[in-house]
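Have the viewer open and follow along.

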Amino acid sequence: KILPKSSTGRRLGLARWIVDRRNPLTARVAANHIWMRHFGSPLVDNVFDFGMKTPKPQLARVLDWLAAELLATDWDMKHLHRLIVLSDAYGRSSKADVRYARNQELDPDNRLLWRANVRRLDAEQMRDSLLALGQTLDHSFSGPDIDFELGESIPRRSLYFRHAYEKQMAMLVVFDAASPNECYRRRPSVIPQQALVLINSSLARSMARRLAGHLAQPEEGKEGVSSAEFTRRLFWATLSRMPTEDELASCTEFLDRQSDVLSKPHELSSFQGGAKTDVPANQSPALRARESLALVLFNHNDFVSIR
């Protein structure tokens with residue numbers, strides 16, 4: 001095929017029309033997508049269709065302001081991200097106690113964002129969180145994409161995994177990974193297989209063992225870390241909060257009971273079908289019990305949720 005010596009200019013004309021300031025649609029669509037990534041739901045529900053039949057969003061003025069800000073900063077999306085995450089709306093708590101009874105009555109679906117909506121971590125965020133807790137996450141930038149079959153062994157960020165039809169890391173797929181066939185919006189799910197992955201995968205077990213070993217290290221000048229102190233450290237590391245009194249009591253009781261069980265290996269049943277990990281279980285019954293508790297908290301709802 002012989003290529004023309006000069007361009008018709010039609011593609012350049014289309015590109016200029018798309019980003020023309022007299023065409024607010026592009027900026028609105030971009031702002032809507034950015035908002036959705038931070039809040040879990042978009043300002044305009046039809047993220048792929050801003051047609052005339054799309055219902056007017058309840059927060060249309062917010063969308064217009066964000067779109068105008070994006071244009072005024074010469075399409076600086078980092079600026080828009082910063083504005084959103086530093087806003088009062090983004091920093092609100094998801095708790096709806098008696099102080100907000102009137103808000104609950106007037107806006108039960110939280111369309112006006114008087115509180116934060118609880119959201120699930122994206123699949124990539126969940127995997128990266130496990131690696132970060134195990135202090136093995138590779139923070140390096142750029143480089144070639146990574147084969148999906150190496151997901152359990154390569155510590156690189158999940159952003160760099162190869163995504164293609166029937167070629168996706170199974171662990172990420174279970175947690176609603178990005179679909180190669182649909183790029184507009186993810187639909188989070190809560191299914192039993194997610195708990196099975198977090199309790200049985202070699203990655204989760206390895207990171208639980210690394211995390212427990214790190215948190216069990218005593219402070220300088222001290223001989224050891226008590227079960228209660230370890231539990232507090234573990235809750236703070238995995239759930240970003242301290243345990244309640246009931247949780248603390250249950251966890252310390254579990255550590256004592258599990259340690260006692262593991263101290264009698266002759267009474268345990270062998271199991272050969274477990275996940276193969278690159279971090280062997282600790283030989284100390286007490287430390288191995290702490291590894292088990294770390295794995296349990298990986299399955300806590302708050303670990304895979306943003307509040």
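This is a predicted model: local features need pLDDT of at least 70, side-chain atom pairs count only at pLDDT 80 or more; totals for chains, interfaces and linings use all residues.

**Around helix α12**

Two packed helices are described by the angle between their axes and the distance between the axes.

Take α10 and α12 to begin with. The crossing is right-handed. On the α10 side, the contact is built from S227, F230, T231, L234, F235, T238 and L239, and α12 answers with R290, L293, A294, L297 and F298. Sorted by class, that contact of α10 with α12 comes to eight nonpolar residues, three polar and one charged.

Now for α11 and α12. From α11, the residues involved are C251, F254, L255, Q258, S259 and L262, and they meet P285, A286, R288, A289, R290, S292 and L293 of α12. The class count for this contact is eight nonpolar, three polar and two charged residues.

Which residues does L293 touch, leaving aside those up to four places away in sequence? The list is F230, T231, L234, C251, F254 and L255. L293 sits in helix α12, and at 4% relative accessibility it counts as buried. For a sense of scale, L293 and R11 are 282 residues apart in sequence and 58 Å apart in space, C-alpha to C-alpha.

**Helix α6, mostly tucked away**

How many of the 11 residues of helix α6 are buried? Eight of them are, so α6 (residues 123-133) is largely enclosed by the rest of the structure. The buried residues are A123, E124, M126, R127, D128, L130, L131 and L133; charged side chains are on that list too, among them E124, R127 and D128. As for the surroundings, the buried residues of α6 pack against α7 (170-174), α8, α9 (202-215), α10 (227-239) and α12.

N200 is partly exposed, with a relative accessible area of 41%. N200 and K276 are 76 residues apart in sequence, yet their C-alpha atoms are 9.7 Å apart in space.

**Aromatic pairs**

The structure holds four aromatic pairs. In one of them, W35 and F39 are stacked, at 4.0 Å centre to centre with 10° between the planes. Both residues lie in helix α2 (residues 25-39), four residues apart, which is about one turn of the helix. An α-helix has 3.6 residues a turn, so residues three or four places apart point the same way. W35 and F39 are both buried, and together with Y90 they form one aromatic cluster.

Another pair is Y100 with W114. Y100 and W114 are tilted, at 6.0 Å centre to centre with 35° between the planes. Y100 lies in the loop between α4 (77-85) and α5 (101-106), and W114 in the loop between α5 and β1 (119-120), so the pair ties together parts that are 14 residues apart in sequence. Is Y100 buried or partly exposed? Y100 is partly exposed, with a relative accessible area of 28%, whereas W114 is buried at 12%.

**Positive phi values**

Most residues other than glycine have a negative phi, and most peptide bonds are trans. A few residues here are worth a look on that count:

- L113 has a positive phi near 60°. L113 lies in the loop between α5 and β1, and at 10% relative accessibility it counts as buried.
- Q135, which follows α6, has a positive phi near 60°.
- D176 has a positive phi near 65° and is placed in the loop between α7 and α8.

How values were computed. Residues are numbered from 1 along each chain as its sequence is written. Side-chain values use heavy atoms; hydrogens and water are left out. Contact means heavy atoms within 4.5 Å. Helices (H or I, at least four residues) and strands (E, at least two) are DSSP runs, numbered from the N terminus. Rings of Phe, Tyr and Trp (its six-membered ring) pair if their centres lie within 6.5 Å; planes under 30 degrees apart count as stacked, over 60 as edge-to-face and the rest as tilted. Buried means under 20% relative accessible area, exposed over 50%, partly exposed in between (1.4 Å probe, protein chains only). A crossing is left-handed if the near helix is turned anticlockwise from the far one by less than a right angle, and right-handed if clockwise.
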